[in-house]
Amino acid sequence: MNNKPTIDFLTHLPITRALLNDKERVFLAVLKGEVKTRSEATKRLSIRSTTISDYVAELLEARLLTEEPSEHVGRGRPSLTLGVNANRVVTIVFQVISQSVHTFMVNLAAQIIAHEHVEASPDSDNAALEAIFLNLYNSIVMKLPAGAELAGTVFSLGGVFDRTTHRWIHTSRWPRMHNLDIRNIFPDKEHSVTLSRTLDNELLIHLLQQNESTLLLHWGYGVGFAFGQSGDNIVEGGYAFGEIGHWHIPGQNGLCHCGQKGCLETVAALWSIGRAVLGDGFQAGDDEEHIATMLESRALSDNPAVRQAVDQMTTAASNVCRVFFPKKLVVSGPFVKNAGIWHAFCDGFEQQNNFFGQTIPVLSVSQVNRDLGVYGAAIPVLEQGLAKLLV
């Protein structure tokens with residue numbers, strides 16, 4: 001399988017915290033490609049050569065670094081080149097994509113080195129999803145590289161879940177699933193199992209690109225948001241932060257997948273209006289990226305379902321911005337890939353946020369792709385695994 005490298009700004013990962021000592025500086029410099037030999041490390045990092053040799057020896061012993069002879073040109077002995085053993089620490093990330101469950105193995109170079117997925121029928125319940133998770137785990141763990149240490153498993157989820165109890169409470173994709181105990185799926189595993197929101201993982205990537213208060217709004221199969229002010233201060237909550245898709249809309253009485261009536265998702269989410277927008281071309285559970293391609297070239301300004309959805313989404317976004325007052329509002333999901341829908345959203349948002357003489361947040365469509373969201377989920381666990389080896 002071909003490794004998928006990250007874009008340039010991610011080459012400093014997975015160390016996003018402050019460096020603790022010079023040994024970490026040496027490792028990071030090699031990871032970023034800033035130094036390739038011991039002598040280069042001495043000059044660039046202003047550390048004595050004997051100390052550099054000690055650090056390199058420790059990193060080689062921990063199998064975090066490699067040192068191999070470079071191609072020899074001319075006379076004399078060839079120099080030794082330092083490299084990172086990227087597969088020394090890996091993590092497994094589970095993620096839901098449309099109506100399927102995917103699992104990825106990610107290494108220290110933020111490369112996806114293995115990937116498995118299984119379709120899950122819309123009527124899947126706790127037992128069905130638990131079996132899928134366990135089978136995927138058993139399949140991908142067989143691809144663990146020789147000598148690699150598994151730092152942990154991350155479930156990057158949408159919907160409502162509780163980190164403290166490791167329970168996935170609800171998701172619109174599988175309404176028959178209730179309170180699935182994720183940790184109990186792996187009772188005998190020694191490594192950690194953590195839960196994180198897919199939106200928080202995408203938000204982390206945005207904050208690493210530009211560290212300013214950002215509200216990330218997702219408008220797709222479901223509706224939700226994430227907010228953060230820095231990579232170390234994402235408002236996550238332990239239960240159901242950002243679930244605006246289940247705000248009650250006055251005058252609406254449609255039944256939502258959550259069991260309530262009149263939720264925002266009943267007039268704005270793909271699962272509820274997809275057929276009205278795309279006709280027979282829409283299939284419940286379609287990949288959002290596929291839906292985005294279908295929506296992109298369509299003229300939808302006169303579609304009643306679209307007009308109502310835009311009105312409700314601009315109001316919801318405006319209300320959330322009045323709570324957090326972010327400097328940036330980033331919108332992700334298939335709907336905003338349509339130029340007409342995006343312009344209508346921007347116009348509606350501007351009309352509702354022209355008050356008190358305040359400047360509205362910078363509006364943009366998210367350009368963070370799915371792989372980067374996977375990396376965002378993997379980063380904290382990779383850091384923890386790496387930290388144990390850098391002591």
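His166 sits in the loop that joins β7 (160-162) to β8; helices (H or I, at least four residues) and strands (E, at least two) are DSSP runs, numbered from the N terminus. His166 is buried, at a relative accessible area of 11%, where buried means under 20% relative accessible area, exposed over 50% and partly exposed in between (1.4 Å probe, protein chains only). The phi of His166 is positive, near 60°, although the residue is not glycine. The model is predicted, so local features need pLDDT of at least 70 and side-chain atom pairs count only at pLDDT 80 or more, while totals for chains, interfaces and linings use all residues. Residues are numbered from 1 along each chain as its sequence is written, and side-chain values use heavy atoms, with hydrogens and water left out.

Asn179 lies in the loop between β8 and β9. Asn179 also has a positive phi, of about 50°, and is not a glycine. With a relative accessible area of 39%, Asn179 is partly exposed. A further positive phi, near 65°, belongs to Arg63, which follows α3.

The protein chain as a whole has eleven helices and 15 strands. Of its 391 residues, 52% count as buried. Contact means heavy atoms within 4.5 Å. Among contacts between residues at least 6 apart in sequence, 63% join residues at least 24 apart.

Helix α4 covers residues 126-141, and its 16 residues should span 22 Å at 1.5 Å a residue; the end C-alpha atoms are 22 Å apart, which agrees. The expected span is 1.5 Å times one less than the number of residues in the helix. Which residues of α4 are buried? They are Leu129, Ile132, Phe133, Leu136, Tyr137 and Ile140. Seen down the axis of α4, these buried residues fall within an arc of 130°, so they line one face of the helix; the arc is that of the directions from the helix axis to the C-beta atoms. An α-helix has 3.6 residues a turn, so residues three or four places apart point the same way. The exposed residues Ala127 and Asn135 are on the face of α4 turned away from its buried side. Among the elements that cover the buried residues of α4 are the strands β3 (89-97), β4 (100-107), β5 (112-119), β6 (149-157), β8 (167-170) and β9 (180-181).

Leaving aside residues up to four places away in sequence, Ile140 touches Ile92, Thr103, Phe104, Met105, Ala114, His115 and Glu116. Ile140 and Thr103 are 37 residues apart in sequence, yet their C-alpha atoms are 7.5 Å apart in space.

Helix α3 has 13 residues, which should span 18 Å at 1.5 Å a residue; its end C-alpha atoms are 18 Å apart, in agreement. Thr51, Ile52, Tyr55, Val56 and Leu59 are buried in α3. These residues cover an arc of only 135° around the axis, which puts them on the same side of α3. They pack against α1 (22-31), α2, β1 (65-69) and β2 (80-84).

The loop between α2 (38-45) and α3 (49-61) holds Ile47. At 7% relative accessibility, Ile47 counts as buried. Not counting residues up to four places away in sequence, Ile47 touches Asp22, Arg25, Val26, Thr42 and Ile52. Val26 is 21 residues from Ile47 in sequence and 9.5 Å from it in space, C-alpha to C-alpha.

In α8, the buried residues are Glu288, Ile291, Ala292, Met294 and Leu295. Seen down the axis of α8, they fall within an arc of 165°, so they line one face of the helix. Thr293 and Glu296 are exposed on the face of α8 turned away from the buried side. The buried residues of α8 pack against β11 (214-219) and α7 (270-278).

The last topic is the largest pocket, which has a volume of about 920 Å³. Of the 39 residues that line the largest pocket, the closest to its centre are Arg173, Thr198, Glu202, His218 and Glu288. On a 1 Å grid over the protein atoms alone, a pocket is an open set of points where a 1.4 Å probe fits, with protein on both sides within 12 Å along at least five of seven lines, and lining residues have an atom within 4 Å of a point. Grid points are joined across faces, edges and corners, and the volume is the space filled by probe spheres set on the points.
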